[in-house]
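Colleague: Could you take me through this model, beginning with the ligand site?

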Amino acid sequence: MSNIKDELKTKLNNKTAVIGIIGLGYVGLPLAIRYADTGYKVIGFDIDAAKIDSINNGQTYIKHIPSEKVSSLNKNGFIGTSDFSIIKEADALIICVPTPLNKYREPDLSYVINTMDAMTPYMRKGQVVSLESTTYPGTTEEELLPRIESFGFDVGKDIFLVYSPEREDPGNPDFETRTIPKVCGGHTVNCSEIGEALYEQAIDEIVSVSSTKVAEFTKILENIHRAVNIGLVNEMKIVADKMGVDIHEVIEAAATKPFGFTAYYPGPGLGGHCIPIDPFYLTWKAREYGINTRFIELAGEVNTSMPLWVIAKVNDALNLKSKSIKGSKVLVLGISYKKNIDDMRESPSVELMQLLHDRGAVVDYSDPYVPSFPKMRKYQFDLVSVDISENVLHQYDCVLIATDHDVFDYQLIQKNSDLIVDTRGRYKTQMENVVKA
Ligand SMILES: NC(=O)c1ccc[n+]([C@@H]2O[C@H](COP(=O)([O-])OP(=O)(O)OC[C@H]3O[C@@H](n4cnc5c(N)ncnc54)[C@H](O)[C@@H]3O)[C@@H](O)[C@H]2O)c1
C-alpha cells in the first residue's frame with residue numbers, strides 16, 4: 001500500500017486537494033468552474049495573459065459561459081496564473097491544451113509537450129496528472145510518461161498518470177460538465193484508482209477503462225464516428241438534391257425508427273476544433289502499423305468538398321435570376337462553426353465567405369455571436385456584423401444561411417430577401433425564394 005496514494009486519495013475525497021487546470025479555454029474554463037462549484041480550491045494556468053487577467057477580474061471570454069460563473073470561481077480562493085512554479089501547490093494537474101494538426105495535417109503535440117516541459121521541473125510526489133486533450137492512442141505512455149520519469153518519479157507510486165478525454169459540447173443546453181459521463185484510464189491500477197477519485201466528486205458518472213490507450217482511443221472513435229456519419233449524410237444530401245428530394249425530410253422520417261438509426265445532419269462542411277481534426281490523429285498513428293484509415297480519408301474528402309458544392313448552388317441560384325456571383329452582394333448568416341456559440345475555429349462559413357470573395361462577390365456577414373470579424377490565421381476580412389432589418393435584407397442579392405443561430409428571425413429573413421440559400425434545412429417547406437443547399 002502506498003501512503004502517497006492513500007493521502008492523495010483522501011484529499012481528493014474530502015475536497016482538500018488543490019486542483020490545477022492547465023489551459024483555460026473552451027474545455028479548461030468550464031472544468032475549473034465545475035471543480036470550484038464542487039468545493040475544491042482551483043488554480044488555473046494559462047500562457048495567455050489576457051485570459052488570466054480576464055478570469056481574475058471575474059470576466060468571461062467565452063460567450064456561452066456567463067461572467068457570473070467565472071466570478072463564482074473565486075469562492076474557494078481561486079488563483080489564475082501564468083507562473084508554472086505554482087504547479088507544486090496543486091495536487092491534481094489536469095491538462096486541457098490544444099492539439100491541432102500542423103500544415104502537413106499531422107498531429108501537433110507541441111502544446112502538450114511544452115506544457116509538460118513547463119510543469120515537470122515543479123512537480124512533486126503525490127500529484128496526479130490527467131491529460132484531457134484529444135490525441136492518438138499511445139500519447140500518454142509515449143510522451144507524458146517518459147517526461148515524468150526523467151525527473152526520477154515512479155509513476156503509479158509517487159505520481160499518478162491518467163488520460164481522461166473531455167467531451168464538452170459547447171452551447172449544448174442539455175448537458176453540462178457534471179452530467180457528461182467521464183471516461184478515465186490509468187497507467188497503472190493505482191493510477192486508475194486515483195483517476196476515479198479525481199473525477200468522482202465533480203462528475204456524476206465515471207467510466208473506468210483498462211488503460212490510457214483505451215481512453216485515448218475511445219475519444220478518437222467518438223469523433224471519427226461523427227466525422228464519418230456527417231460525411232455519409234453530406235453525400236446523401238447531394239444524391240437527394242439531384243433527385244429533387246429534401247434530405248432533411250428524409251432524415252426526420254428515418255429518425256422515427258426507434259432503434260438502429262441515429263440522425264446526423266448535413267451542412268456546409270465540418271467545423272470546430274474536434275471533428276475536422278481529431279480523426280487525422282488516428283490516421284497518422286495507424287500508418288505506424290501499416291494501416292490506411294480509408295473511412296476517415298473518404299469522410300474528410302466529402303466533408304471538405306461541401307463548401308464548393310454550396311458555392312455551386314449559390315452560383316446556379318443567382319444565374320436563374322440572370323446574375324453572377326461576381327458583383328453580387330451576398331450576406332452570410334452565422335459565421336461561427338455551429339449554432340448558438342461564438343467559436344470560429346475551422347468554421348466552414350468563413351471558407352464560404354472566402355470562396356465568394358475570390359469569385360468577386362461583395363461579402364458581408366451577420367452574426368450576433370461574432371460582432372467583428374476576428375483575427376484568423378488563414379482568413380482576413382475587415383468586417384463587422386451587419387444588423388438584420390427589412391431594409392438591410394433588401395440590399396442583398398443573396399442571403400446565405402451558413403450557421404443557423406436560433407436568434408435570427410427566419411420569418412423576417414424569408415419575407416424580405418430576394419434569394420436565400422439555406423445550408424441547414426432551416427426552411428422546412430418549399431418557398432419560391434429559398435434554395436436548399
Ligand atoms: N472545444 C471543445 O468543444 C472540445 C471538446 C472536447 C475536447 N476538446 C479538446 O480539448 C483540448 C483543448 O481544447 P479547447 O477547445 O479548450 O482549446 P482552447 O484553445 O479553447 O484552449 C486551450 C488553452 O490552452 C492554453 N495553452 C496553450 N498552451 C499552453 C501551455 N503550454 N500552458 C498553459 N496553457 C496553454 C491556451 O492559451 C488556451 O487558453 C483539445 O485537445 C481539444 O481537442 C475540445
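Modeller: In the side chain of Thr115, an N or O atom is 3.0 Å from a nitrogen atom of the ligand, where a polar contact is a pair of N or O atoms within 3.5 Å. The protein buries 93% of the 830 Å² that the ligand exposes taken alone, with accessible areas from the Shrake-Rupley method with a 1.4 Å probe. This is a predicted model, in which local features need pLDDT of at least 70, side-chain atom pairs count only at pLDDT 80 or more, and totals for chains, interfaces and linings use all residues. Residues are numbered from 1 along each chain as its sequence is written, and side-chain values use heavy atoms, with hydrogens and water left out.

Colleague: Which side chains lie 2.8 Å and 2.5 Å from an oxygen atom of the ligand?

Modeller: A polar side-chain atom of Lys51 lies at 2.8 Å, and one of Thr99 at 2.5 Å.

Colleague: Which of the 26 residues around the ligand come nearest?

Modeller: Those are Val27, Asp46, Lys51, Thr99 and Arg345; a residue counts as near if one of its heavy atoms lies within 4 Å. By class, the shell has twelve nonpolar, seven polar and seven charged residues. Here Ala, Val, Leu, Ile, Met, Phe, Trp, Tyr, Cys and Pro count as nonpolar, Asp, Glu, Lys and Arg as charged, and the others, Gly among them, as polar.

Colleague: Changing topic, how many disulfides are there?

Modeller: The count is zero, a disulfide being a pair of cysteine sulfur atoms within 2.5 Å.

Technical notes: A polar contact is a pair of N or O atoms within 3.5 Å; within protein, one must be able to donate a hydrogen and the other to accept it, and residues adjacent in sequence count only if both atoms are side-chain atoms.
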